[in-house]
Amino acid sequence: MSLIQSLKPGGKHGLSSKESRDPIGYAVAALNRLAQSDLIDRVGLRKTSERVVFTATRSGFKAATTASRTFAKAGKQGKQGVRAPAAAPKGVFDLTPTEDEQMLVDVVTEFAQDVVRPAAAEANETCTAPEALLKASLEIGLPILGVPESLGGISEERSAMAGTLVAEALAKGDMGLAVATLAPGSVATALGLWGTDAQQQTYLPAFTGDDVPAAALALTEPTVLFDVLSPATNLKKTADGFVLNGVKTLVPRGAEAELFVIGASLEGKPVLVLIESSTPGITVDGDPSMGVRAASLSRLTLTDVRLPADAVLGSTDGTTYTECVRLSRLAWCALAVGTGQAVLDYVTPYVKEREAFGEPVAHRQSVAFMVANIAIELQSMRLLTYKAASRAAAGKDFAREVALARKLCTDKGMQIGLDGVQLLGGHGFVKEHPVERWYRDLRAIGVMEGSVLV
């Protein structure tokens, strides 16, 4: 097999099996293959090759998204889709998961420990989630968590609470891989929450089948002081539909996604738009980031993308878009809680075993207080996040609760990451220990919009 043949799409470092690489794509894949070989160590070229890889990947890749399965149109235009009922009110704020929720969390926790955590370090370096891990995430039902049962999903009622618990459990393994595995489910959940009958019947069968498409929710834009509720991406009405122009950034698995939900402005109101990746005018650029690297973050450039009249998802008055933002922020709060818990679980035994001046460093008050503060702040983050999720699941207004949760998770999540690095001392600064990666990932909570949904 030739080198080019072995590097074709669908490989470990490839695009979707239906997409094509451009020259820099082949070059970067070849360099990655070379970097894994011990040959360059024997001939003394390790540093040189690493410098070349850095130079090639610094500007990212570029590829026109020409791949997409054919989503057969189905359902009735204009007819409201199926909606999962709100969770039954309990009367008292109760943190006890239901039996089904606990069973789901147990499965996802085991998946995070046995599959996600061992793959995290390499995925962070390659900016790619392992194909086997992504397939395993499909087997445990992650993409259909928010899809109503009547449409082939597993949701008997609004799934915000279950989605929050699952996101937290996944993030204990790794936040980047959690985002990569949850991305397709975000689009499926959006269809379940706001899709028309035609949109649900056209797209959801693919998510409930064996060949689940990669998909992504894209709200963030590369502008200074970006306001997610006022997107610059413009959706303009035409005689037969819409034309979309704009740029979206930090889109998970954008190069392989077959379906996007894009945030845009229509006549001054923010809306969500469904776009198949085969639509002409979409270009994907690599968008390597400080954290959440395993999610293969990308930048979408949308140039005169023509869309049909039924491309808008949900209402056009801004309410659907605003609810999407809030549910996405709730998901990021859950990811922060899970990653914060990973930090606490890692540093607690470390400070008890690490000795200095003849005794464990945990015996020092400054160290013990720092660990205690992590536990205290983590619990406050969890309580606020769960309260917001429970109100969302019950169909109640949760704007205040999710705003408080996001503020706390942004500030305290960063502090937990910082303290985790500090508690490990010099070890916290090296990649041998995962705390430095969690520190970088936790910075995403305050800047990422979209990508995940509960």
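**Terms and their grounds**

Reply: The axes of helix H10 (residues 319-353) and helix H11 (residues 365-393) come within 9 Å and cross at roughly 155°. This is a predicted model, in which local features need pLDDT of at least 70 and side-chain atom pairs count only at pLDDT 80 or more, while totals for chains, interfaces and linings use all residues. Residues are numbered from 1 along each chain as its sequence is written, and side-chain values use heavy atoms, with hydrogens and water left out.

Me: Why is H10 called roughly antiparallel to H11?

Reply: Angles over 145 degrees count as roughly antiparallel, and the axes of H10 and H11 cross at roughly 155°, so H10 is roughly antiparallel to H11.

Me: What makes Asn234 partly exposed?

Reply: Asn234, found in strand S3 (residues 234-237), has a relative accessible area of 37%; buried means under 20%, exposed over 50% and partly exposed in between, with a 1.4 Å probe and protein chains only, so Asn234 is partly exposed. Beyond residues up to four places away in sequence, Asn234 touches Val243, Leu244, Asn245 and Ser265, where contact means heavy atoms within 4.5 Å.

Me: Why is strand S6 (residues 269-276) described as largely enclosed by the rest of the structure?

Reply: 7 of the 8 residues of S6 are buried, so S6 is largely enclosed.

Me: How do you know that strand S5 (residues 259-266) pairs with S6?

Reply: Two strands pair if DSSP finds at least two bridges between them, and 8 bridges join S5 to S6, which run antiparallel; Ile262, for instance, has Val273 in S6 as its bridge partner.

Methods. Axes fitted to C-alpha atoms, helices over the stretch in contact; angles between N-to-C directions. Helix = DSSP H or I, 4+ residues; strand = E, 2+ residues; numbered from the N terminus. Parallel < 35°, antiparallel > 145°, perpendicular 65-115°, else oblique.
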